[in-house]
2 protein chains.
Amino acid sequence: MPPENWIAVDWGTSNLRLWRMSGDTVTEAMTSDKGMASLAPDEFEPHLLSLIGDPGPGPLPVLVCGMAGARQGWAEAPYLSVPTKPPAIGRALRPLVADDRLDVRILPGLSQAAPADVMRGEETQVAGFMATEPRFDGIICLPGTHSKWVHVSAGEVVSFRTFMTGELFALLSTASVLRHSIGTGWDGDAFLSAVSDAMGRPAQVAADLFTLRAAHLLHGQSTDSARARLSGLLIGMELAAARPYWLGQEVVILGAETLSQSYLSALRAQSATCRTAPVEDITLRGLIAAWKDAT
Amino acid sequence: MPPENWIAVDWGTSNLRLWRMSGDTVTEAMTSDKGMASLAPDEFEPHLLSLIGDPGPGPLPVLVCGMAGARQGWAEAPYLSVPTKPPAIGRALRPLVADDRLDVRILPGLSQAAPADVMRGEETQVAGFMATEPRFDGIICLPGTHSKWVHVSAGEVVSFRTFMTGELFALLSTASVLRHSIGTGWDGDAFLSAVSDAMGRPAQVAADLFTLRAAHLLHGQSTDSARARLSGLLIGMELAAARPYWLGQEVVILGAETLSQSYLSALRAQSATCRTAPVEDITLRGLIAAWKDAT
């Protein structure tokens with residue numbers, strides 16, 4: 001039997017979420033802006049203690065997922081290679097700690113040799129989804145800064161692919177010449193039209209990007225349409241490249257509500273079989289699954 | 001006969017170059033970091049005067065090309081639509097000036113209605129090339145932050161297309177997650193291999209980008225190779241989209257030496273007919289051509 005009281009932590013690049021657990025039950029939830037990027041390796045343990053307070057007589061188990069396990073994080077938890085089950089606590093790294101009342105375990109991310117790819121954190125979201133749908137066989141799409149397409153079969157992650165779609169959108173809409181022509185609103189028709197353009201002629205995306213600027217200057221294209229078209233061009237290119245993942249497969253989209261709806265509408269326009277699934281606390285569900293599974 | 005003494009100015013976004021002219025001859029050359037982006041509309045004339053000093057009894061003709069003619073510049077010089085000859089002084093805008101010893105003319109840029117596209121400044125480089133090769137019929141490629149492909153025939157710019165290749169390279173190599181895996185060196189084989197990958201499967205560029213990061217983490221891919229591959233992926237995608245421009249045409253590349261050599265090697269690998277041409281003072285040659293041609 002695992003101990004009754006433990007700590008679950010989703011330690012990402014820019015922030016962390018922490019749950020004080022009693023078995024499967026959350027007794028307290030906390031967040032902090034001290035993500036991996038803002039901490040030196042020897043600052044993780046003191047920050048953890050500042051959040052949880054007195055750990056009691058110990059040892060208090062702490063299970064961590066995410067970028068805390070990266071090379072530049074708390075301690076490097078080497079990747080597990082696919083195909084593999086999502087990492088459970090038995091595969092976690094134990095960093096050295098100064099306070100021996102803490103028993104810290106950091107879950108590894110996943111790697112793929114060819115095409116070379118990595119994830120840290122998303123594997124625990126995948127585990128959370130698989131905990132709710134253990135028989136799922138298909139594709140999990142995790143849209144975001146670095147969108148992931150994950151092929152799951154027979155309880156294992158078979159393969160995956162990463163797209164920098166969200167990061168490209170952010171850079172182009174805020175730091176490139178397009179920023180002058182990109183608004184904050186939306187235009188669903190412009191989005192779907194751009195998805196279709198990019199899927200049909202992906203190379204043209206290289207030219208279509210500057211067209212967003214020129215169409216604003218010459219034809220007064222609305223900045224809301226331009227924002228939707230930029231998103232559609234980038235997501236359309238992602239869908240064109242990810243076609244071997246979604247074509248003829250069941251796709252579940254796990255992500256923030258608005259973005260997930262965009263992916264859903266784009267995939268449905270391609271007649272793909274897809275749905276969204278609730279993502280609230282999905283990482284926590286993955287941590288609980290990893291905690292209970294000692295394999 | 002045009003007046004003997006005049007001023008030629010290439011006023012770009014981030015800096016300007018100014019030449020004091022006697023007919024076709026440069027008598028003094030100056031540069032300044034007061035580009036369009038750092039000046040309010042009413043600051044252009046004082047800055048010009050600070051560079052040229054006493055204009056004499058006047059009127060002293062000043063011929064300007066580039067972003068000074070943009071909406072957010074000194075005064076908006078409306079675009080000429082293609083097909084058209086490169087703009088000559090007769091098509092230039094005369095901004096209001098406080099000092100009537102100055103006779104300022106700002107050359108317009110070029111626009112294309114569909115696909116929507118614009119240029120400001122490159123049209124004068126094109127004019128400079130056409131002044132040296134008046135019979136040229138083919139494609140001028142101007143690689144850079146916003147690469148331009150320009151179809152020239154019978155002395156006119158017929159059509160053109162802009163690619164944000166240089167800006168994407170700068171953003172991805174310095175401001176994205178890839179910055180950790182991108183060095184400062186070069187690997188010609190990796191470049192050509194990436195060009196070939198992107199031209200063969202342009203949609204896959206969306207996935208190949210993150211592979212640069214993962215291949216560094218997993219396989220120790222050198223940061224020099226990664227830099228060359230990033231450049232190759234983006235230029236390859238540009239070449240795939242620009243194929244209607246270069247296929248079966250004579251291509252002249254006008255740009256900075258190192259970048260031009262990259263484009264040349266990529267195009268030659270596609271068996272395209274291409275060469276580079278000297279670009280030193282090409283904008284000045286274009287300004288002189290615009291000055292002498294009153295049409």
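## A tour of the two chains

Begin by selecting helix 2 of chain B, residues 122-132, which is mostly covered, with nine of its eleven residues buried (a residue is buried if 20 or more other C-beta atoms, placed from the backbone, lie within 10 Å of its own, exposed if 12 or fewer, and partly exposed in between). The buried residues are Glu122(B), Glu123(B), Thr124(B), Gln125(B), Val126(B), Ala127(B), Gly128(B), Phe129(B) and Met130(B). Helices (H or I, at least four residues) and strands (E, at least two) are DSSP runs, numbered from the N terminus.

This is a predicted model, in which local features need pLDDT of at least 70 and side-chain atom pairs count only at pLDDT 80 or more, while totals for chains, interfaces and linings use all residues. Residues are numbered from 1 along each chain as its sequence is written, and chains are lettered from A and ligands numbered from 1 in the order in which they are written.

Next, select helix 9 of chain A, residues 282-292, where ten of the eleven residues are buried, so the helix is largely enclosed by the rest of the structure. Its buried residues pack against strand 1 (5-11), strand 2 (16-22), strand 4 (60-65) and helix 2 (122-132) of chain A, and they include Leu284(A), Arg285(A) and Trp291(A).

Now show both chains. A rotation of 180° with 0.0 Å of shift along its axis superposes chain B on chain A with an RMSD of 0.0 Å (by least squares on the C-alpha atoms of residues with pLDDT of at least 70 in both copies). That is the relation of a two-fold axis, and the same surface serves both copies, since 100% of the contact residues of chain B recur in chain A.

The contact itself takes 34 residues from chain B and 34 residues from chain A, two residues being in contact if their C-beta atoms, placed from the backbone, lie within 7 Å. On the side of chain B that touches chain A, the elements giving two or more residues are strand 8 (117-119), strand 11 (156-163), helix 3 (165-175), helix 5 (205-219) and helix 6 (223-241) of chain B. Helix 5 of chain B gives the most, with ten residues.

Select helix 3 of chain B, whose buried residues include Leu168(B), Leu171(B) and Leu172(B). What covers the buried residues of this helix includes helix 3 and helix 5 of chain A, together with strand 10 (147-153), strand 11, helix 5 and helix 6 of chain B.

Stay in chain B for two helix pairs. The axes of helix 5 and helix 6 of chain B, as lines fitted to C-alpha atoms over the stretch in contact, come within 10 Å and cross at roughly 180°. That makes helix 5 of chain B roughly antiparallel to helix 6 of chain B (angles, which run from 0 to 180 degrees between N-to-C directions, count as roughly parallel under 35 degrees, roughly antiparallel over 145, roughly perpendicular from 65 to 115 and oblique for the rest). Among the residues that meet here are Leu209(B) and Leu212(B) in helix 5 of chain B and Leu230(B) and Leu233(B) in helix 6 of chain B.

To see the meeting residues, select Ser231(B), Ile235(B), Gly236(B) and Leu239(B) in helix 6 of chain B with Ser262(B), Tyr263(B), Ala266(B) and Leu267(B) in helix 8 of chain B.
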